[in-house]
Amino acid sequence: MSETIDPRAPQRVRHDTRMRLLDVVSVTDITPLMRRIRLTGDLEGFASVGHADHIKVFIFPEGVAPHIVPIGERGAEFAEGQRPEMRDYTPRYWSVAEGWIDLDFVLHGDGPASGWAAQAAVGQTLLIAGPRGSLVVPPAYDWYLLAGDETALPALGRRIEELPAGSKIVAVIEVDSAAEEQSFETAANLSLTYVYRDGRPAGTTSLILDTIKSLSFPAGDAYAYIAGESSMSKAVKAHLIETRSFNPEYIKAAGYWLLGEADAKEPH
Ligand SMILES: Cc1cc2nc3c(=O)[nH]c(=O)nc-3n(C[C@H](O)[C@H](O)[C@H](O)COP(=O)(O)OP(=O)(O)OC[C@H]3O[C@@H](n4cnc5c(N)ncnc54)[C@H](O)[C@@H]3O)c2cc1C
């Protein structure tokens, strides 16, 4: 008996993982709390076909210059005392032919990656690796729900920009204030609501969930992509399944970070 293949099912694509030691060539504050860092170098073989892909950035201990090491069976083989912290970031824009990639860092004030971005300057180097894989969601749904905080702006922005004309998108994005809003060029039919924390710490409000609860959704089947603080992501997913009858197969809820915990991320 042949299995029925769902034409809307997300597809996983694997890539060769390579480390790349790249040079910082520009540092631009696109909003007060979002810093775009352009890196150049050898991007040969770089591929990022999913809007929610991530690369690893490696933040080395003070005094240790960023460097490439072999990747063995148990991962990257850094020498004792030279082991870097690793964090996930979304490739926002890039050109393999021209050899550059843009990463957008939230300057949240705590942690090695945010700290590195806060002091980044032209001439420094950054080691990155990946993406190891991509999740490709076909543009085959009646509409798309996108939700997240500012850490998800790169992924949500990519999705908003890549969906073709005629796609319907409902997006809810939490930022600190109107100064943090980004606007997107898109052929899709976009209904975007920004919600503001107004000085309250990130990860401490229920603004995204409350806004989603208050929305009337378009008719038909949607694919939902939710990303940001882990508890928020989990709560929105639960609401979509329990109250809005979403198909759990058509939801990707990612915990990009967890309030009060370093280096924490989880899929829900
Ligand atoms: C797939 C994926 C893609 C991501 N893409 C991006 C991206 O493109 N840009 C981006 O900025 N982030 C992105 N993130 C989130 C980023 O990896 C985390 O915010 C990470 O914790 C930052 O590392 P850090 O070293 O700055 O802080 P950590 O050392 O991990 O954490 C230190 C402290 O800061 C808190 N914290 C972490 N992040 C935030 C935050 N945003 N606001 C307030 N407090 C925080 C933690 O709870 C902890 O208490 C992504 C995460 C994932 C999983």
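This is a predicted model: local features need pLDDT of at least 70, side-chain atom pairs count only at pLDDT 80 or more; totals for chains, interfaces and linings use all residues.
Strand β4 covers residues 55–59, and four of its five residues are buried, so the strand is mostly covered.

Strand β4 is also joined to strand β10 (residues 125–129), again in the antiparallel sense, by three bridges. Within this pairing, K56 stands opposite A129 of β10.

## Two buried strand residues

V24 belongs to strand β2, which spans residues 19–31. With a relative accessibility of 1%, V24 counts as buried. The contacts of V24, leaving out residues up to four places away in sequence, are I37, R38, L39, W116, A121, V122, G123 and Q124. One of these, G123, is 99 residues from V24 in sequence, while the C-alpha atoms of the pair are 5.6 Å apart.

S95 is part of strand β8 (residues 91–95). Its relative accessible area is 14%, and because the limit for a buried residue is under 20%, S95 is classed as buried. Not counting residues up to four places away in sequence, S95 touches L43 and W100.

## The ligand shell

The ligand is surrounded by 26 residues, and the closest are D88, D104, H108, L258 and D263. Elements that each supply at least two residues of this shell are β7 (85–89), β9 (100–106), α1 (112–119) and β16.

An N or O atom in the side chain of T90 is 2.9 Å from a nitrogen atom of the ligand. From the backbone, an N or O atom of A113 lies 2.8 Å from a ligand oxygen atom, and a polar backbone atom of S114 is 2.9 Å from an oxygen atom of the ligand. On its own the ligand has 920 Å² of accessible area, of which the protein covers 91%.

## The six-stranded sheet

Six strands form an open sheet with mixed pairing, in the order β14-β13-β12-β15-β16-β17. The edges are β14 (189–196) and β17 (266–267); each has a single partner strand, so one side of each is left without a neighbour in the sheet. Strands β12 (residues 143–149) and β15 (residues 222–229) pair in the parallel sense over six bridges. In that pairing, W143 has A222 of β15 as its bridge partner.

Helix α2 packs on the sheet and touches β12, β13 (168–175), β14, β15 and β16 (251–257). The direction of α2 makes about 160 degrees with that of β12. Helix α4 (residues 230–242) also packs on the sheet, where it touches β12, β15, β16 and β17. The angle between the directions of α4 and β15 is about 155 degrees.

Helix α2 (residues 153–162) is largely enclosed by the rest of the structure, because eight of its 10 residues are buried. These buried residues are L153, P154, A155, L156, G157, R158, R159 and I160.

F246 sits in the loop between α4 and β16. Although in a loop, F246 is buried, with a relative accessible area of 10%. Apart from neighbours within four places in sequence, F246 is in contact with W143, L145, F217, A222, A224, L240, I241 and I251. By contrast, F246 and G41 are 205 residues apart along the chain, and their C-alpha atoms are separated by 43 Å.

## Backbone exceptions

Most residues other than glycine have a negative phi, and most peptide bonds are trans. The peptide bond between G130 and P131 is cis, with omega about 0 degrees. P131 is placed in the loop between β10 and β11 (133–136).

Two aspartates have a positive phi, near 50 degrees: D198 and D263. D198 is found in the loop between β14 and α3 (207–214) and, at 59% relative accessibility, counts as exposed. D263 lies in the loop between β16 and β17 and is partly exposed, with a relative accessible area of 44%. D263 is also one of the residues closest to the ligand.

Notes
Residues are numbered from 1 along each chain as its sequence is written. Side-chain values use heavy atoms; hydrogens and water are left out. Buried means under 20% relative accessible area, exposed over 50%, partly exposed in between (1.4 Å probe, protein chains only). Two strands pair if DSSP finds at least two bridges between them. Contact means heavy atoms within 4.5 Å. Axes are lines fitted to C-alpha atoms, for helices over the stretch in contact, and angles run from 0 to 180 degrees between N-to-C directions. A residue is near a molecule or strand if one of its heavy atoms lies within 4 Å of it. A polar contact is a pair of N or O atoms within 3.5 Å; within protein, one must be able to donate a hydrogen and the other to accept it, and residues adjacent in sequence count only if both atoms are side-chain atoms. Accessible areas come from the Shrake-Rupley method with a 1.4 Å probe; for residues, only the protein chains shown count as cover.
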